[in-house]
Amino acid sequence: SDKILTRGVLTDNEELVIFDTETTGLDPIEDELLQITVLDLSGQVIYNSHLKPCAESWPEAEAVNHITPEMVKDAPSISQEIAVLSGILSKASTIIVYNTGFDLDFLRFNGVVIAQNVEIVDVMDLFAPIYGEWDEKHERYPWKSLSVCADYYGYDWSRHPEMAHDSLADCRATLFCYQKMIETQAI
């Protein structure tokens with residue numbers, strides 16, 4: 001759907017949120033947001049919408065996220081959604097994301113307000129040592145994709161109609177991985 005699927009406001013019980021974005025590219029200055037999803041800890045959708053960018057096409061990103069210009073032609077722009085998103089994310093006490101820097105950079109560059117004292121949990125950073133592939137050259141555990149993390153924990157992508165690289169599907173996979181890390185006491 002190219003309309004807002006869900007819009008909500010955080011309650012006291014929903015101060016921990018999971019979010020993901022889909023974009024026209026990798027640079028928050030040059031590229032634009034195409035989709036944003038926010039879930040609560042139970043997996044309920046707080047916000048999920050496609051966004052209409054100024055760009056008319058994004059073939060490289062479209063090959064990955066499958067978001068076409070047709071899908072977003074009637075969607076709101078990010079400027080129309082800043083207040084709603086800021087209202088949600090400025091109240092969150094904890095934000096869980098896979099690859100925090102990427103998503104937060106896009107939101108902040110576009111003017112979305114995020115609480116200053118918010119705890120940021122990057123599932124990608126947490127997963128790297130769990131996966132355990134040490135990189136001697138860089139002396140660190142390299143980051144792995146969300147797909148690798150989800151596969152590691154046995155996430156069934158087919159349980160939901162969205163495919164990987166849709167922000168709703170990626171939020172659900174991130175939440176699943178985070179919950180598995182807690183269940184297995186990996187974090």
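Author: A search of the whole structure finds nine aromatic pairs, and one of them is Phe127 with Tyr131. This is a predicted model, in which local features need pLDDT of at least 70 and side-chain atom pairs count only at pLDDT 80 or more, while totals for chains, interfaces and linings use all residues. Residues are numbered from 1 along each chain as its sequence is written, and side-chain values use heavy atoms, with hydrogens and water left out.

Reader: Why is the aromatic pair of Phe127 and Tyr131 called tilted?

Author: Rings of Phe, Tyr and Trp (its six-membered ring) pair if their centres lie within 6.5 Å, and planes under 30 degrees apart count as stacked, over 60 as edge-to-face and the rest as tilted. For Phe127 and Tyr131 the centres are 5.5 Å apart and the planes stand at 50°, so the rings pair and the pair counts as tilted. Both residues lie in helix H5 (residues 123–131), four residues apart, about one turn of the helix; helices (H or I, at least four residues) and strands (E, at least two) are DSSP runs, numbered from the N terminus.

Reader: What makes Phe127 count as buried, and what makes Tyr131 count as partly exposed?

Author: Buried means under 20% relative accessible area, exposed over 50%, and partly exposed in between (1.4 Å probe, protein chains only). Phe127 has 0% relative accessibility and is therefore buried, whereas Tyr131, at 35%, is partly exposed.

Reader: How do you know that the pair of Tyr155 and Phe176 is tilted?

Author: The ring centres of Tyr155 and Phe176 are 5.0 Å apart and their planes are at 55°, so this pair is tilted. The pair links distant parts of the chain, since Tyr155 is in the loop between helix H6 (146–152) and helix H7 (167–183), and Phe176 is in helix H7, 21 residues apart. Both Tyr155 and Phe176 are buried.

Reader: How do you know that the buried residues of H5 are on the same side?

Author: The buried residues of H5 are Val123, Met124, Phe127 and Ala128. They cover an arc of only 140° around the axis (the arc of the directions from the helix axis to the C-beta atoms), which puts them on the same side of H5.

Reader: What makes the charged end of Arg140 sit over the ring of Trp143?

Author: A charge sits over a ring if NZ of Lys or CZ of Arg is within 6 Å of the ring centre and within 35 degrees of the ring normal. The charged end of Arg140 is 5.4 Å from the centre of the Trp143 ring.
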